[in-house]
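Look through the following structure together with its sequence, and then work through the questions and answers below.

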Amino acid sequence: MKAVQRVLDSHAKLSLLTGPTPLEPLDRLSDCLGGPQLWVKRDDCTGLAFGGNKVRKLEYLLGDALARDADLLITNGALQSNHARLTAAAAVKAGMACDLLLAPCDAGRFAIERKSGNALLDRLLGANLHVKASDQNLGQGMRDIAAQRRREGFSPYIINAGGSSAIGSLGYVACALEIAAQAHTLGVHFDYVLHAAGSCGTQAGLVTGFQLLGLDTAVLGVAVSPDGEQTFRHERVAELRRELLALFDLSPCQKALSVLLTGDYSGPCYGEADAATFDAISLFAQTESIILDPVYSGKAAAAAIGLSRKGRFSSDANVLFLHTGGTPALFARYAAAGSNAGKCKGLAMKTRKDNAARP
Ligand SMILES: Cc1ncc(COP(=O)(O)O)c(C=O)c1O
């Protein structure tokens, strides 16, 4: 573990996290499902502007940007992008300017979304917003903004969508170390870590981190967009993993842990949730007071619940649900979902009153 930490420490980093995020058992939810033992890693509590997984990536990306004397961050994403919101927040912390190139993922809800959730926070955080009608050519769009800003005297630093470069993914190698240390303290071995997968830096970082530590914890990515995109995700995780191993001076042919991805819980498309996701959001809220969102963490939760119910995990397995954040999207999306936010169907949770009534 020390050798991995030494390489991490050799990379520039801007400290943005408030400390290790909590790792806790989900006893009431596990009880309700009848096993396995579920746990949660609270990366929704990373501390910066409503938190989320992107904070860990931005620590290393901002370290790199500052080492290059950049004074302006540019990134892109959906109008409801958590990554864009947290890039804007990180820019504020670093005293940098920020340009966000955004595109709606659903033209029909454009009017609601541009005033709520992450889009509202982007403006509050003082970012310059460039909103496009479609998500075509956003890469070129960022280069055009950078060229314009250079003419104005700025020194821009472009961050890929989702912050999923090798440098950004170092944040999740560091998270794998944090999980391993917490597991050691708790005396638990995690068989699986399960999380929402988008641009794949989170999964690549975790897989590489566990591999570097010699742990056999399997990392299951729950795709947030449908099946057709899983080949791309497998390739992207493999590519990022190769680049990460090179940062640790290891050969890419080191035996890889298998990369597990499921597209079965993605709902109809990116940004759209189905009934399983809304049910999962209600179940987490009403068993554990954990608040999820319909774009990312709710889909991963639907997978954790669905796979548990199907008996995909053995009943004595320890399954860690990585809560990657995204809660601002709840407020933008539930308005449209309306009556989907409600009591869990068929939920018969025992309360303290039921327990007290027992002989
Ligand atoms: C809340 C949330 N969870 C999960 C993810 C997916 O992470 P990654 O892009 O590293 O796959 C994102 C990405 O935007 C996110 O915002």
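This is a predicted model: local features need pLDDT of at least 70, side-chain atom pairs count only at pLDDT 80 or more; totals for chains, interfaces and linings use all residues.

Q: Which peptide bond is cis, with omega near 0 degrees?
A: The place to look is the loop between α2 (27-33) and β2 (37-42), where Pro 36 lies. The cis bond, with its omega near 0 degrees, is the one from Gly 35 to Pro 36.

Q: Are α1 and α8 roughly parallel or antiparallel to each other?
A: The axes of helix α1 (residues 2-9) and helix α8 (residues 166-186) come within 11 Å and cross at roughly 150 degrees. Angles over 145 degrees count as roughly antiparallel, and therefore α1 and α8 are roughly antiparallel.

Q: How many nonpolar residues does the contact of α1 with α8 have?
A: On the α1 side the contact is made by Val 4, Gln 5 and Leu 8, while α8 gives Leu 170, Val 173, Ala 174 and Leu 177. By class, this contact of α1 with α8 has no charged residues and one polar residue, and its nonpolar residues number six.

Q: How are α8 and α10 oriented to each other, roughly parallel or perpendicular?
A: α8 packs with helix α10 (residues 230-247) at an angle of about 80 degrees, and their axes are 10 Å apart. Because angles of 65 to 115 degrees count as roughly perpendicular, α8 and α10 are roughly perpendicular.

Q: How many charged residues are there in the contact of α8 with α10?
A: α8 makes this contact through Ala 166, Ser 169 and Val 173, and α10 through Leu 240, Glu 243, Leu 244 and Leu 247. When these residues are divided by class, five are nonpolar and one is polar, and the number that is charged is one.

Q: Which residues around the ligand come nearest?
A: The elements that give two or more residues to the shell around the ligand are α4 (82-94), β7 (192-197) and α9 (201-213). Of the 18 residues around the ligand, those that come nearest are Asn 82, Thr 202, Tyr 296, Thr 324 and Gly 326.

Methods
Residues are numbered from 1 along each chain as its sequence is written. Axes are lines fitted to C-alpha atoms, for helices over the stretch in contact, and angles run from 0 to 180 degrees between N-to-C directions. Helices (H or I, at least four residues) and strands (E, at least two) are DSSP runs, numbered from the N terminus. Angles under 35 degrees count as roughly parallel, over 145 as roughly antiparallel, 65 to 115 as roughly perpendicular and the rest as oblique. Two residues are in contact if their C-beta atoms, placed from the backbone, lie within 7 Å. Ala, Val, Leu, Ile, Met, Phe, Trp, Tyr, Cys and Pro count as nonpolar, Asp, Glu, Lys and Arg as charged, and the others, Gly among them, as polar. A residue is near a molecule or strand if its C-beta atom, placed from the backbone, lies within 6 Å of it.
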